[in-house]
Amino acid sequence: MKWTFLIIMICSCSSLYAQEMTDLSIIQQQVKSKRISSYDRSGDNHDNLQHIKHGEKRVIFDVKGTGIIKHIWMTMGPEPAVLSRNDIIIRMYWDGQEYPSVESPIGPFFGQGWNETYLFTSAPLVAAPMDGMGLVSYFAMPFQKGGKVEIENQSGREINTLYFYIDYVEMKQLPQHAGRFHAWYNKQLTASVDSIENEHWMFGPGKPNKTGKDNYLIANIKGKGHFVGVNYYVHSPTPYWYGEGDDMIFVDDNILYGTGTEDYFNTSWGAPKTPYATPYFGYARVNNDIGFLGRTHIYRFNIADPIHFDSLFRFTIEHGSMNVLTLDLASVAYWYQDKASPVPAIPDAAARKPQPMIGPSDIHRWRNEWRKSKGNNPTLWGN
């Protein structure tokens, strides 16, 4: 079965790649290649925007008419340890709308969680060397009546330098049924629904979850379109496995039930300890501590298998089996709709702040409190 699955995947990827290469051979008509970048207008080599103050918004792309953004590259300084990519917001507006259809911290949007930097490689998004600081998108972003991209600095300090390319094509008319690109960031510090972290039924039977009421929310969309993927960031304060959390996806009047977190992300039997990447799914960041303690970044892009909806799409996932775990979760969802639509407001800077890492001293304090509660006898070994 494993070999059959692998052959199907290879054939599917090869077929899509062959179609893409065939499409590349077609000479386009009435299409002009254009670029907006941070190049130095004086002809000198200071090719960046400078001194973007805290609280300042800067429009880096504002084009009227009809076109499709094909490629975005950007990087900024100073380094993430000083300037948090979790607090630089990117917004995109289509067709003259006053509301954004894309709103996300710039790091998580491009596949860099928690203001960390690491290599991330997928078909539509890349965080490239050095150390994942080159942020790249190949998502197609059509607009009929103009497109605008805006950066807002919520970091508490100045952005010293911002370098970028935005490559697009100008055309008289979009391809028929071209959708508008959307992306939305969410974050939540989850809690156990019954106050007991009862993963794997450690403390007795769980409470069955059939409605998804307390699930973590990845996307909640009204309208017509198709869902094309998610970057999912998990910070676990416990070594226990969080991946029994099932995905429950509500599509119009249907529910797509999943069997576990790692199953939706095309893996199995837990999370790996080494990063791996495929064009459509992978683990870009793996926890490097005991069990599943720490931070994990998983991604899946539904490029070969977009999820289509006519009026409603709500993507939820359990936090632990039947929502029993406290987890620091964040995500960026990506989709297309038949028209530019608003996305919900994202959590503010205080709510976005990552939880601190848990280390040996924290575990030792917990053990000490447990021993004290049990009489502090040396035979209390911990089990």
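Analyst: Happy to! The largest cavity is lined by Asn86, Pro108, Trp114, Tyr185, Lys187, Tyr233, Asp328, Leu329, Ala330, Arg352 and Pro354. Here a cavity is a set of points on a 1 Å grid over the protein atoms alone where a 1.4 Å probe fits but cannot get out, and lining residues have an atom within 4 Å of a point. This is a predicted model, in which local features need pLDDT of at least 70 and side-chain atom pairs count only at pLDDT 80 or more, while totals for chains, interfaces and linings use all residues. Residues are numbered from 1 along each chain as its sequence is written, and side-chain values use heavy atoms, with hydrogens and water left out.

The most comes from β23, with three residues. By class, the lining holds seven nonpolar residues, one polar and three charged, where Ala, Val, Leu, Ile, Met, Phe, Trp, Tyr, Cys and Pro count as nonpolar, Asp, Glu, Lys and Arg as charged, and the others, Gly among them, as polar. The space inside amounts to about 70 Å³, a volume being the space filled by probe spheres set on grid points that are joined across faces, edges and corners.

The search of the whole structure finds two cavities of 30 Å³ or more.

Strand β9 (residues 134-137) runs antiparallel to β8, with four bridges joining them; two strands pair if DSSP finds at least two bridges between them. The hairpin of β8 and β9 has five residues between the strands, and Asp131 there takes a positive phi near 55°.

On strand β8 (residues 125-128), Leu125 and Ala127 point one way and Val126 and Ala128 the other, yet all are buried, meaning under 20% relative accessible area with a 1.4 Å probe and protein chains only. Strand β8 also pairs antiparallel with β7 (residues 120-121) over two bridges, where Thr121 stands opposite Val126. Three residues lie between β7 and β8 in their hairpin.

How values were computed
1 Å grid on protein atoms, 1.4 Å probe; cavity = no way out; pocket = protein on both sides within 12 Å on 5 of 7 lines; lining within 4 Å. Buried < 20%, exposed > 50% of the residue type's maximum accessible area, 1.4 Å probe, protein only.
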